[in-house]
Amino acid sequence: MATHAHVAHPAEAAGHGGHGKQSFFHKYLWSTDHKMIGFQYMFTGMTMALVGAFMAYVFRMQMAYPGHPVPGFGVVSPGEYNALVTNHGTIMIFWVAMPVLIAGFGNFLIPLMVGCDDMVFPRINRLSYQIFLLSTVVILASQFVQGGGFGGAWTAYPPLSAGGQYNLTKISATMWVIAVALEFVAFLLGGINFITTAMNSRAPGMKAFDVPLVVWMIVIASILFMASVGPLIAGAVMLLFDQLLGTGFYNPARGGDPILWQHLFWFFGHPEVYVVLLPAMGIVADVMTVFSRKKLFGYRTIIYTVVGTGVLSFFVWAHHQFIAGIDPRMANVFTVTTVVISIPIGEMLFLYIATLYGGSIRLATPMLWALAFIAEFLIGGVTGIYLGSSGADIYFHDTYFVVAHFHYTFVPIAVLAVFAGITMWFPKMFGRMMNEKLGKIHFWGTVIPFNLIFIPLFFLGAAGDHRRIFDYSHFPDLARPELQALRILATISLLVMLSFQFVFLYNFINSLFRGPRAVKNPWRSNTLEWTTDSPPPHGNWTKMPNVYRGPYEYSVPGRAQDFWPQDEPA
Amino acid sequence: MSAHTIATTRSATGIPTGRLAIWWVLVSEIVIFGGVLVSYIMHRLGHPEWGHQAAHTNLWIGAFNTLVLLTSSLSAVLAHKAAEAGNGPRAARLLFATVGGGATFLTVKGFEWTEEITHGMTIQSGGFWSYYYTAAGIHATHVLAGMIIMVFVAMAALKNQALHRVELVGIYWHFVDIVWIFLFPLLYIAK
Amino acid sequence: MSAHGHAAAHPAHRNYVKIWAILVVLLVISVAGPFLHIRVITLITAFGIALVKAYMVAKNFMHLDVEKPIIHWLLAVILLLMVLLFAGVAPDVMKDVGRHWKKDSGFHALPPEGHPAAGGEHGDGAEGR
């Protein structure tokens, strides 16, 4: 064996066990380094996005051309349709949005932005990814078992989800529950790392309100997740027992109640949307401030608002159950709380717009994504008001109006904000610059078709298109040519949007290996991650930074430079 | 292969990192047990007839197990006291005693459940029994997990290593004890 | 890592054995309570004592009383959350019969898979949920 030169690592005071050159296994597969674990989550999440997107492609093709074989898949049977929509939703939320936004960006950014060398529990961090990877294997494997993938919708309501004789996907129904439960455990473990690191391990001089917004957001999101997922874990165990042991937790004939599951699910399900929203808003805020050279308007207000929203998010859940047969007096309560919660979110978006006002705006690719987030999310939020009003919801519930609403919130969260974050932090993560021109082409090729997919869906929902129907030709009033034209428009737009993602894939992979080398701080940003090399070494800094000010000191009057890094002594 | 990072040594809140983390773990566990227990309590309140099923739980076994867990909590906190005094081997012995308490608890439960199941009171036999086995089962899983972690902490403590972890695993163990303190009246006394 | 680094170690350890003894006495009382066959007394001895025991373990064994306030807040909030869960769910789930309604499975459940009658007719339309 060739002698290996001991690579002089930037030695860290408290000893990283003196790694010399690490083997491939230790560096990429068995790493405890938060940056590598962040990449593991991100790449897994991005791969699962391809899986989820493929599923959307197939069922949208079925919607546009019912009964015709879909290229790359074949004819879609009703059971397969159910499995596709179920797993599309499940995968996009739990295996794309959460891993990329929370675990991917959280792992990479938090230690860097608070100025420490790693997370507080690196080995638990590694374990959390391993559990997550196991959950990924289980959900993917469930697509190929006898009966096919679970077909009971991502909400998995019993009795459909509890009885194999109803869902016809008995094996995958159990695998689905196990996969989701494992994913929950992985994120509970990860969350403890994020919260504890952010609370305790800040650089000397970094007070709570000197922490960049994205870190606050990921931490608050982790807390929201932790507080809301418990009852659902309990409920999932109960569902598993109903599926496997013949218990009757959700079976009214045996003293149980299916509505119990709904409550346990949505008690988590509603805070969950804020769990994914908050990191996205954090990314957008940090992108916006850098590319408008302006301080975040109302930083403390935003944090207080977010905490308030988080609390309020626990009081709105039954708006998903308005027509399920809940006590109508509760429906009144939940309508009020739901409409009220739009106020703080709206206020936050206004604060973002106020941040832009008077700024020196540079429309680089990350900024385009951030601006698109604000515009598209506004549409999503506003359409939520219709659904939050129990009267209107009687009509809209379970129609495509709902589908369009939540895609106008979820796509900005899981797609637009993610691309904003990737294009912004790519130089730091990989030490290379992405191609701006390709970035812009990808941007427009994503955002314009996105609207053309989902605006038709609002109209279709209002016209009566019910969700989770595999073929509308069975419904004469819905099988009209003008409605079918809208379905076809949505599908074609999806095809266009998907093809532009190849531009991103090419840009990403090509830049990874052949992009121009990045300097430490290509965007001239204030936050701590930009003060170290691109990419940062193991241990992040040779000399740990101290902090002297907040993260948003841009365009400070009287200074020569329009930014003022946090670690620069006064 | 210890991964001591600078991050672990800092403490902006004044609470040592490990202890802060354990409290967060407990927060997440409270909601999990809370979910099961809230569901159970509301069903019990709405179904007084479940008392007929509940009448068949064995109060004495439940009480004995409560005594076992309380005593194991005592040995756990005495282990913490020993660890703080720097006496790793004594802390380890007390931790092993705690593990022994957990093992006793689980063994007794094993016999108890065997008895109940062979007499036809299975997890499917009724609403009460479904919750009984589920709640106590989730609790027992946590007892087992705590025992396993405690063994690792005790083995390090024998060599006077990582003594701060004695307190941390103790806090977790006390929580498991507190859950049982509530399960006992809920499952055994309320008839 | 050595056992130092406790920012605020409790001043002196309490008498843990004494606490344990009190807990055992309380346990005995809670077991004896039901034998009086007075419902209110049973409730107080069973659940009231459970609360006291939990408080004593939390205070004396977990040293919650000398823990920083943020921990108290966390625990209080999370417990209130469980109260909220109960309040929001109980109206729908707690009872089988209300003043103007009755819970009914609303459809005819299929026998489990593998049963001879399986795969036959499905329940009549109404979702009943």
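Of the 191 residues that make up chain B, 58% count as buried. The model is a predicted one, so everything below is a description of that prediction.

Chain B itself is simple to outline. Seven helices and zero strands are found in it, and reading along the sequence gives the pattern α-α-α-α-α-α-α. Its C-alpha trace spans about 55 × 30 × 25 Å along the principal axes. As for how the chain folds back on itself, take the contacts in chain B between residues at least 6 apart in sequence: 80% of these join residues at least 24 apart.

Next comes the place where chain B touches chain A. Here 32 residues of chain B are in contact with 45 residues of chain A. On the chain B side, the elements that give two or more residues are α1 (6-9), α2 (17-46) and α6 (127-158). Of these, α2(B) gives the most, with 13 residues.

Over in chain A, one pair of helices can be looked at in detail. For helix α8 (residues 258-292) and helix α11 (residues 365-388) of chain A, the angle is about 130 degrees and the axes are 9 Å apart. Because of that angle, α8(A) is oblique to α11(A). The crossing in which α8(A) passes α11(A) is left-handed. From α8(A), the residues that take part are A:A280, A:V284, A:V287, A:M288 and A:F291, and they meet A:P366, A:M367, A:A370, A:F373 and A:I374 in α11(A). The makeup of this contact is ten nonpolar residues, with no polar and no charged ones.

One residue from that contact, A:F291, is worth a look by itself. A:F291 sits in helix α8 of chain A, and it counts as buried because it has 25 C-beta neighbours inside 10 Å, where 20 or more is what the label takes. Setting aside the neighbours within four places in sequence, A:F291 is in contact with A:I361, A:R362, A:A364, A:P366 and A:M367. Two of the residues it touches, A:P366 and A:M367, are also on the α11(A) side of the helix pair.

A:T383 has its place in helix α11 of chain A. With 21 other C-beta atoms within 10 Å, A:T383 is buried. Not counting residues up to four places away in sequence, A:T383 touches A:H405 and A:Y408. A:F458 is 75 residues away from A:T383 in sequence, and the two are 9.3 Å apart in space, C-alpha to C-alpha.

That leaves chain C, for which the picture is one of domains. The domain assignment gives domain 1 (14-62) and domain 2 (66-93) of chain C. Between the C-alpha centres of these two domains the distance is 22 Å.

Notes. Residues are numbered from 1 along each chain as its sequence is written. Chains are lettered from A and ligands numbered from 1 in the order in which they are written. This is a predicted model: local features need pLDDT of at least 70, side-chain atom pairs count only at pLDDT 80 or more; totals for chains, interfaces and linings use all residues. Two residues are in contact if their C-beta atoms, placed from the backbone, lie within 7 Å. Helices (H or I, at least four residues) and strands (E, at least two) are DSSP runs, numbered from the N terminus. Axes are lines fitted to C-alpha atoms, for helices over the stretch in contact, and angles run from 0 to 180 degrees between N-to-C directions. Angles under 35 degrees count as roughly parallel, over 145 as roughly antiparallel, 65 to 115 as roughly perpendicular and the rest as oblique. A crossing is left-handed if the near helix is turned anticlockwise from the far one by less than a right angle, and right-handed if clockwise. Ala, Val, Leu, Ile, Met, Phe, Trp, Tyr, Cys and Pro count as nonpolar, Asp, Glu, Lys and Arg as charged, and the others, Gly among them, as polar. Domain bounds come from an automatic or database domain assignment. A residue is buried if 20 or more other C-beta atoms lie within 10 Å of its own, exposed if 12 or fewer, and partly exposed in between; C-beta atoms are placed from the backbone.
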